[in-house]
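Me: I am new to this structure and would like a close look at a single part. Could you pick one spot and walk me through it?

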Amino acid sequence: MYSFEYDDDKEYFSILGDIDQLFENREIKSFFKTFSIINQNQNEIEFFVASTDLVRDFNEIESFFLSKNIQFTVNESADSTISRLIKEKEDFEIKSAKAKEIYWGNIPSREMKEFTEHLKESFVNRRLDSLQTLSSFHLAFSKNGCNFSVPGSGKTTTVLASFSYLQSKGDLEKILVVGPKACFQPWEDEFFLCFGKRPKSVRIETLSKQKKKTFFKSIGKEDLTLMHFQSLANNQEDIITYLKNNKCMVVIDEAHWIKNTDDGVWANAALEIAPFCSSRVILTGTPAPNGFIDLTNLFEFIWPKRNLIPFGTSTLSNLSELEDNDFQNKLREKKINQLVDALKPFFVRVRKKDLKLPDPIYHPPLMIEMGPLQREIYDFIESRYIEKAKQLIKEDEPVDVLLKAKTIRLRQAATNPSLLNSALEKDSYHEENNSIPDIGENLTFIEEPEIFKKIKEYTSNEVPNKFKQAKKLVKDILNRGEKVIIWVNFIKNIHELSAYLEDAGYQNKFIYGEIPSGNISSYEFEIDFDTRESIIEDFKQKNSPFSVLIANPATMGESVSLHRACNNAIYLERDYNAASFLQSKDRIHRKGLEKDAMVNYYFLESENSIDKAISKRLELKVKNLEDIIEHPIPLFSLNEELSINDIKSILEEYASR
């Protein structure tokens, strides 16, 4: 008697028994040579079988043993894995076929009517528009999908609508949302607005270690579980237990934070739990902020090990860069189209143009001449940077940590050389991302005493010309009776610009990572300090005491709506993070904007500096993103064409209610 076992983590298939006796048969020995044998001894043979091939290979081994009248058993773990993979394969074939049908607009009117009738009954205070209804219908019948719609288009609402329908069918019981902490309150608020009742909500971050253990092992009555990406990584095994015991729709919100394909802790944790979710949803308006490789984990999460993306990571990286010759770019374009065609049925996106918003005004970058002292300091830093970059940069290898640090120093000098005096600004990056390069002691790379002295005394001798230009823009905007948000990456710049504007008579407040989060009412004691939420609410008020808000895009670029109060944004500086840039833009240009609103973007760039290189790289990254997601979706054409009148009439009748 032989025993079949499978190690799901290592993807090792084992056969236990008298292997020497088994291999006395030449035909049997020859049969096993077709597999990747890792280990073989008297009592066990072990070989590699990828989970994607397990069902096929198991069936082949099983049939072979039966043909030879060899008795065997399958241990519980292997049997469970095989059964799960068979079910996953069947689910993929059924649900992906349904997703494709709906994507191309082939919707049975009976199903659409049933779906909208359910929403009429379950959504007490919310009515979906036609695009939201179609997006939600696509997810409800495919169960697994990505929604790449622009911020403010109602992604949360469409997910709740899909969940509600699937819950009524008994397919789902609960929602588990993984995302930044800033998304927790909006999810709870949207649940209330949709269903007319406060959700039984659990925020994992608020639980003690013991209470987390108890929670994940229980079958509770919560509607909504909310956790940060780090909690997912810290409690991975317990979450898998929870998912096995509960029919959960798992939503990865602001999913661009799990894009890291290079052993990212958050990304790996999301992919590990994916097979145990009853429904999987990806939400982000910026799915590929730095290139096509960012898509890998998103589509791997919604359909694990189904290889939806037809190219490997190396090809995806190459596709993200424009070539020097037309022939190569034509090949690149062909492959991009192939990639888009492969992914089309598995995502929806409501575009800005679908929302019929007024076009924003992108003012040409204001090229600002540096002051003489800043110019001298910048040129010195740049010369040392170029020299070091030539030594450290290597093709097809990650950027050296020292080079990353020096790039940040160059960016600091381009805006305000006084930043060079401080430690590396942590909040130049996402506030919850700890991958900050360490450059050692301040200014140790500056060996010229005269330059060192000029940096130390810069604040006393010169005001950065970017500050002066920002003040001029603020004056013009406030004279129009309007408000403005100024986006700043470096924290010391936030403080110094705020003080500079205050001295000029322009009251302002600022938000960055160290400003506490939470509504004032949520504190158990009386507080006399501002929170992020209180500052935002004050800024939105018509009679607000301040009309200038200074913010860090890493902290406030997501889950905040300012469009009803503010239509002007100034970018004092930018970095290479396309996701933060795109998210920040959408704070003032989103659904609900007045038709005659004039949305203005102003960009400040120092002449002959790294600012120009950053601008060009951001343009390429935005273009790559648009190549993937900025195309019309046949499903949404139902709103414009009369070819399927029965579907259109259902949508119209539902909207009228």
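Reply: Let's look at Tyr576, which is in contact (heavy atoms within 4.5 Å) with Asn290, Thr407, Ile610, Ala613, Ile614, Arg617, Leu618 and Lys621, leaving aside its neighbours within four places in sequence. This is a predicted model, where local features need pLDDT of at least 70, side-chain atom pairs count only at pLDDT 80 or more, and totals for chains, interfaces and linings use all residues. Residues are numbered from 1 along each chain as its sequence is written, and side-chain values use heavy atoms, with hydrogens and water left out.

To find Tyr576, go to the loop between β18 (568-571) and α25 (578-585); helices (H or I, at least four residues) and strands (E, at least two) are DSSP runs, numbered from the N terminus.

Is Tyr576 buried or exposed, or something in between? Tyr576 counts as partly exposed because its relative accessibility is 27%; buried means under 20% relative accessible area and exposed over 50%, with partly exposed in between (1.4 Å probe, protein chains only).

Now follow the chain past α25, into the loop between α25 and β19 (600-606), where you meet Asp586. Its side chain joins that of Lys352 in a salt bridge (2.5 Å, N to O), a term for a side-chain nitrogen of Lys or Arg within 4 Å of a carboxyl oxygen of Asp or Glu. Lys352 lies in helix α16 (residues 352-355), so the pair ties together parts that are 234 residues apart in sequence. Asp586 is buried at 9% relative accessibility, whereas Lys352 is partly exposed at 22%.
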